[in-house]
Structure formats: C-alpha cells, structure tokens
Amino acid sequence: MSNTTAEPPTDDRPVVFRNAIVVTVDDQRRILPKGDVLVIGQNIAAIGENLAVPDGTFEIDAEGGIVMPGMIDTHRHMWQTAMRGYGADWTLTQYFVWYYLEHGKSFRPEDVYAGNRLSALDAIDAGVTTTVDWSHGLRTIEHGEAALEALRASVGRFVLAYGNIFAGPWEWSADPEVLAFLKKNNTGSDDLRFQLAFDVTGDPAFPERAAFEAARELGLPVTTHAGVWGATNDDGIRLMHENGFMTPETVYVHAATLSNDSYQRIAATGGSVSLSTESELSCGQGYPPSWILRQHGIPVSLSVDTSVWFSSDLFSAMRSTLGADRGWEHMRAHEKGDTVTHSHLRAEHVVDWATRGGAESLGMQNLVGSLEVGKRADIVLIKNDASPTMLPILNPSGHIALQAGRGDVHTVMVDGTIAKFDGRLLGDELASVKRQVESTVEYLQGELGEPSWQRGMNPDAPAAEMLDNPYTYTEYKDSSTHQAESDRADAPV
C-alpha cells in the first residue's frame with residue numbers, strides 16, 4: 001500500500017484514488033462525497049466507495065481533494081508559448097501585425113518545436129490532458145513536422161489543427177506535401193488526431209471553398225476563428241452554410257460578433273463554440289458570447305488561446321467565463337432598472353465546458369471528458385494540504401471553478417499513466433525544454449534587434465483624457481478638519 005509521499009509506479013500496476021470528492025461529469029452529473037476511482041491499464045475500472053482493488057494496487061490518498069476528469073482545451077496556439085507574456089499589453093491589431101505581417105515568419109521549425117514542447121508541459125501541469133494545437137504558424141512542411149514531432153514527444157492527448165497564416169488556405173491546403181503529411185499521419189489514433197485550421201473572411205468569391213473540400217476529402221473537421229471583430233463576420237458563416245460546409249464537427253472559435261442568424265445556422269448544423277474568454281475580453285474580438293450561446297442551445301467548450309498574452313490554464317478560463325457572463329447579465333439588467341436575483345450560468349456549467357464540453361466538440365465523448373467505467377483514465381486530483389484555499393470544500397464545482405488553481409493540481413493521469421504527482425511534473429523534460437526555449441528567445445531577439453524587440457513588447461499607450469472634476473478647486477473641509485483648526489486656535493500660546 002502506498003500514499004501520496006511515495007514515488008508513483010513506473011510499471012503498469014493498477015492505481016486507485018481513495019476517499020476523494022469525485023466529480024464525475026457523467027450523464028447524471030454525480031458527485032461522490034467520499035469516493036474511490038480505480039484505474040487498470042488505460043481505463044477507469046471502477047468508481048464507488050471502499051472499492052476492493054487488486055493486490056499490488058498503488059493507492060493515492062485523495063482525502064481532502066477533488067478527483068475530476070482531465071480538462072480539455074479546444075484552441076491553444078501552442079507554438080507561441082515560447083514567447084510567454086511578451087504581448088501582455090497588445091491589442092488584437094498589434095497581435096496581427098507582430099505575428100501575421102512582421103515577425104511570425106521568423107520562427108524556425110525548431111522554434112515551433114520548442115513552443116509546443118513547453119506548452120504541452122504547461123497543459124499537464126495545470127490538469128489539461130487534451131489540447132488542440134491550433135497550429136497556424138506552419139509556413140513550411142518542416143514546420144508541420146516539427147509541431148507533430150513535439151506533440152508525439154510529449155505526454156498528453158492532442159489534436160494537431162494544421163494551419164498557415166502566411167498563405168491563403170486555398171493555397172496551403174492544396175500543397176501536395178501538406179496533403180501527404182496529413183494522409184500519412186492521420187492514422188485514427190486516440191492520442192493524436194487532426195483538424196484543418198483556417199478562417200473565412202467573407203469574400204463573396206468564397207476562396208476558402210478549396211480548403212473545405214480538402215478537409216472533406218481528408219475526412220478532417222475544420223476549426224475556424226469566427227465572429228472576430230474586423231476579421232471574420234456573418235458573411236463567412238453564411239457562405240459556409242450556403243455551400244454545405246457547416247457540420248457537427250466544426251468548431252467556431254470566439255464567435256463573439258455574430259448576428260442571431262449566424263448563431264441559428266451554427267445551432268441548426270450542430271457545431272460548437274470554443275470560448276477563450278480572457279482573450280475576448282482583452283483583445284476585442286467581441287464580448288464573450290456565453291449568454292447568447294446558451295439561448296441558442298449551442299454546445300460550448302473552453303480554451304486559453306495563446307500564452308503570449310493570457311493564462312495557460314482552464315481554471316482561469318472557467319473563472320473569467322463566469323465573471324464575464326454574470327457581469328453582462330447584471331449590466332443589461334441595470335440598464336433597464338432591474339436587478340438580477342439568480343445567476344443563470346453556474347459553476348457546474350463551466351466545469352462541464354472545461355471537460356465534457358471539450359470532449360464532445362472533438363468527437364471524443366466516448367473516450368474522455370467524464371469519469372465513467374470503461375473510459376480512458378484521463379484524471380486530475382486537486383489536492384493541496386499546505387494551502388488554506390483547499391478547505392473547506394463545500395461546493396465541489398464552485399471550488400474547481402472559483403477557488404482552485406494550477407498550484408493545487410496534485411496528480412495528473414493520462415491514459416492511465418501518471419504524468420504529475422504530489423505537485424510536480426514527472427521526468428526530466430522540463431530542463432531540456434527550458435534550454436530549447438531559451439535558444440528560441442535568444443534567436444528571435446537577435447533577428448528582431450533590441451529596438452524592435454522592445455517596441456513589440458511595449459507598445460505605446462494612448463494618452464488618457466482626464467475628466468474635469470468640479471470639486472478639485474473648492475475650499476471643502478470636513479468636520480474633523482474644522483475641529484482640528486479650532487483646537488489649534490484655542491490652544492494656549
């Protein structure tokens with residue numbers, strides 16, 4: 001018998017999580033207040049209380065913690081993680097200029113590799129077991145091979161969404177090398193799947209048709225940035241729909257500035273939306289549309305977008321989504337003189353979107369996204385005995401969404417293999433990835449030159465217009481001031 005202070009097994013011994021609050025996210029949304037989860041091989045073998053387990057089972061003391069499904073990120077530009085935090089003060093326009101027009105083309109295949117490797121470790125550390133690599137920096141086939149090699153070398157379940165912002169999708173999707181790459185590597189693996197990643201501008205000529213046809217020929221879903229202010233709009237949705245390219249597998253990222261007509265088309269064709277709430281709030285794609293997606297019954301998943309700006313964990317995504325949705329609801333009510341007395345979006349909803357919602361959007365609902373017997377053992381234990389934030393746990397979904405963070409992720413399991421344990425990543429990958437990322441940063445600084453590097457990271461702030469304050473120059477004195485002056489006047493000389 002083992003506990004959380006022991007080293008985790010490196011063999012294929014069964015593992016059991018003992019005495020946890022088990023948040024299943026299954027069809028009944030069951031929560032077991034003191035439950036066990038038994039893993040044998042790749043799969044969940046049993047869920048219940050006081051489970052009998054095979055001899056030699058490695059036992060993890062999960063008391064005081066929450067066991068939940070591994071989280072699923074449906075839109076992360078992994079290749080940009082080597083530039084973590086660089087664009088903290090960017091607008092969407094500055095992002096487009098830096099990556100699309102100026103410096104994105106400077107990234108070498110090895111830089112894409114470094115970003116992907118770092119991002120994969122980052123995801124596991126935060127309890128994200130499945131990630132869509134929205135890889136739109138693949139300007140050569142060598143870049144694509146580097147992205148794929150990094151994913152294959154990393155722990156986790158991945159979807160490589162192949163894209164290239166430096167050419168039209170009708171061009172790169174017709175490249176024989178790209179088509180051969182996708183046909184060769186799309187083997188139907190449960191650990192690595194593919195999408196095509198491109199946007200639809202709304203050009204009446206609909207040049208993106210060729211890319212949709214390529215995706216159909218390859219049998220691949222499409223993921224697209226839709227409803228992005230100033231970039232993609234209702235015309236793109238209309239063209240997709242009128243030409244028969246909106247399918248249940250299509251993932252619409254952001255979908256923040258669309259009309260009711262577009263939301264109706266998405267709902268009618270069964271597609272889903274990937275919300276990147278931190279991004280939408282900060283960049284200006286449009287206000288995060290969680291409220292209107294609920295009204296139309298459109299399935300939702302969550303994503304972090306890019307670490308060049310934002311947090312790289314779904315705890316932040318859940319928290320910001322709740323805040324944005326509730327803030328919108330309150331403000332709309334206040335405009336009418338009303339008061340919101342009950343929140344429509346609940347903590348359990350965003351926990352669902354961060355797990356089951358992601359699985360359903362990727363067609364992986366039979367594999368992952370919930371804790372159920374027979375499903376793959378992608379499991380996260382949130383437990384931190386050294387943190388006062390982890391007690392008391394009264395509302396498990398509320399604790400996941402609004403209290404916990406990546407530092408509280410104790411154990412992460414992917415496909416039945418433990419990748420993080422007792423709060424630390426297993427293996428020695430981080431050291432080598434650190435060297436690769438440092439090399440990328442050094443190279444890019446040299447390519448840009450120090451003045452350009454600093455300008456890119458520190459864009460000019462617009463001048464602030466100060467409002468006139470009619471009280472600034474009055475002789476206002478409060479009663480305490482008057483009393484103090486009176487006391488001084490009465491004091492003996």
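At 0% relative accessibility, Leu302 counts as buried (under 20% relative accessible area; exposed is over 50%, partly exposed in between, with a 1.4 Å probe and protein chains only). Leu302 belongs to strand β13; strands here are DSSP runs of E with at least two residues, helices are H or I runs of at least four, and both are numbered from the N terminus.

Before going on, please note that this is a predicted model, in which local features need pLDDT of at least 70 and side-chain atom pairs count only at pLDDT 80 or more, while totals for chains, interfaces and linings use all residues. Residues are numbered from 1 along each chain as its sequence is written, and side-chain values use heavy atoms, with hydrogens and water left out.

Which residues is Leu302 in contact with, leaving aside its neighbours within four places in sequence? They are Ile72, Asp73, Thr74, Ser274, Leu275, Leu314, Ala317, Met318, Thr321, Val350, Trp353 and Ala354, where contact means heavy atoms within 4.5 Å. Ala354 is 52 residues away from Leu302 in sequence, yet their C-alpha atoms are 5.5 Å apart.

## The eight-strand sheet

Strand β13 is part of an open sheet of 8 strands with parallel pairing, in the order β6-β7-β8-β9-β10-β11-β12-β13. Two strands count as paired if DSSP finds at least two bridges between them. At the edges are β6 (71-76) and β13 (300-302), each pairing on one side only. On average, neighbouring strands of this sheet are turned by 25° against each other, direction ignored.

Strand β6 pairs with β7 (residues 128-135) in the parallel sense over 4 bridges. Within β7, Thr131 is the bridge partner of Asp73. Helix α3 packs on the sheet, where α3 touches β7, β8 (157-162) and β9 (192-197), and its direction makes about 170° with that of β8. Helix α12 (residues 347-354) also packs on the sheet, touching β6, β12 (272-275) and β13, with its direction at about 75° to that of β13.

## Helix α2 and its two partners

Helix α2 (residues 109-125) packs with helix α3 (residues 141-152) at an angle of about 25°, their axes 8 Å apart. Axes are lines fitted to C-alpha atoms, for helices over the stretch in contact, and angles run from 0 to 180 degrees between N-to-C directions. That angle makes α2 roughly parallel to α3 (under 35 degrees; over 145 is roughly antiparallel, 65 to 115 roughly perpendicular and the rest oblique). The crossing of α2 and α3 is right-handed, meaning that the near helix is turned clockwise from the far one by less than a right angle; anticlockwise is left-handed. Pro109, Val112, Tyr113, Asn116 and Arg117 of α2 meet α3 residues including Glu142, His143 and Leu151.

With helix α15 (residues 429-448), α2 crosses at roughly 140°, and the axes come within 9 Å. That makes α2 oblique to α15. This crossing of α2 and α15 is left-handed. Among the α2 residues in the contact are Tyr113, Arg117 and Leu121, and among those of α15 are Leu430, Val433 and Tyr443.

## Pairings around β5

Strand β5 (residues 66-69) pairs with β1 (residues 15-23) in the parallel sense over 2 bridges, and Ile21 stands opposite Ile66 in β5. Strand β5 also runs antiparallel to β14 (residues 379-382), joined by 4 bridges. In β14, Ile382 is the bridge partner of Ile66.
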